[in-house]
Amino acid sequence: MTSLSPASPRVSPWVLSAFWFGTAFHWLLLLLILLPANVVRFVGEEQKGTYLGVLLLVGALIALVLPPLVGAHSDRTGRRVPYIRLGVGVNLAGLAVMAFAATALSGLGGFWVYVLGFLLVQFGNNYATAPYSALIPQLVPPGERGRYSGVMAMLQAVGQLLGAVAAFVIGLLGLPVIVSFALIAAVLLIPALVTLRGVPETAGPAPQAAQGPTLSWRELFAHQPFFWVFVTRVLFALGQYSVQPFLQYYNADVLGQRDPETSTSVMLVCIIVGSIASALVGGRVSDRTGRKPVIYVAGGVMAAAALGLLVAPSYPVALVLAVGFGLGFGAFTSVDWALGSDAMPSASSYARDMGIWHVAFVAPQMTSAPQGALLDWGNAHGGNLGYTLVFGIAALFFLAGVVLVRNVPDAAHRRAAT
């Protein structure tokens, strides 16, 4: 079996990151625009937060369990590309089921068919993610991971920007929902093909003896760089998922926007423009100064923006805060993959370990169910109390991530720079 050495990347950062561009477009349009709107159509206004939380919870269960299992199997077979290919196919099938439910069905019966499609989407996307996540630590030298992570963050932000623009245009033109699903499928598939053609079919780990032992889960979490990177990524993701799923409802209930789907799209554009501005810079800076200083700034800015949204007196002020949040978010994502790659203890289990690392981002989606219930409970008591609770909790998560990332050993970056 031919393997690729981490000593010399053979794939450009743009080709390697193409799949992540399509995935970013896919999840932004699906999670932030289509899911909230479709849930209201199925269950009505009074229970929208609860049912949206349930939908995200059942999807997160798959995202929690699948990546480490698929990653471990990918490590054993020594292949990456076939897993990505199959995962994308299942993802596309799930989108077709969701589109059918959203256009042809209604009520709770339609909602559960929609949930089935979403489960297929989650299964397929996460089936592909763990082997894909292994490609940066496997193919990219440690001293260049910040640059590659920055390119990935920038393409992620551009994908999200295009998703927000697409949502705005679709809403402006009043196009049917089937158009959105077809567009998501196309933008997922085409960039995935770019990555699949650019990554060698034989891309996989080298023989175990040459790359180190496969650690048990207990040994993996006892490895300090991995443990603290995992914990801080969980905290940042908790902050993100305390706010992100409910932005459309925030625009309607707090900011009083008559067309919350369109106003949310504009707000997302502001967030993403800010993140594009900081993504490439953050990654390159982290290669020289370390990952942690970038995280300190990013987390502080995101916490301040989340708190600012609670007191924003108008929609234009909220848009300015959205740009600030985007600057912090872009800086964080620019070092996210590099920080995770630096923390990997053994090259013989990159896909499994990156799959476990990925859990730190997707598991916090499970909190959307209790957060949605908290939102509905707080708002039922008046004064938009639910948004104060949920957004305030988000700020606390960001600040906790900033404090605890200090525990990531500096040796992890010194190793990366050599």
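1. Helices here are DSSP runs of H or I with at least four residues, numbered from the N terminus. The model is predicted: local features need pLDDT of at least 70, side-chain atom pairs count only at pLDDT 80 or more, and totals for chains, interfaces and linings use all residues. Residues are numbered from 1 along each chain as its sequence is written.

2. A search of the whole structure gives 3 cavities of 30 Å³ or more. A cavity is a set of points, on a 1 Å grid over the protein atoms alone, where a 1.4 Å probe fits but cannot get out; lining residues have an atom within 4 Å of a point. A volume is the space filled by probe spheres set on the points.

3. The largest cavity holds about 670 Å³. Its lining counts 38 residues, and Gln 160, Gln 240, Tyr 241, Gln 244 and Phe 361 are the closest to the centre. H14 supplies the largest share of this lining, 8 residues.

4. The second largest cavity has about 50 Å³ of space. Its lining includes Arg 233, Phe 332, Asp 336 and Trp 357. H10 and H14 are the elements that give two or more residues to this lining.

5. H14 (residues 315–342) also meets H6 (residues 145–173): their axes, lines fitted to C-alpha atoms over the stretch in contact, come within 8 Å and cross at roughly 135°.

Technical notes
Side-chain values use heavy atoms; hydrogens and water are left out. Axes are lines fitted to C-alpha atoms, for helices over the stretch in contact, and angles run from 0 to 180 degrees between N-to-C directions. On a 1 Å grid over the protein atoms alone, a cavity is a set of points where a 1.4 Å probe fits but cannot get out, and a pocket is an open set with protein on both sides within 12 Å along at least five of seven lines; lining residues have an atom within 4 Å of a point.
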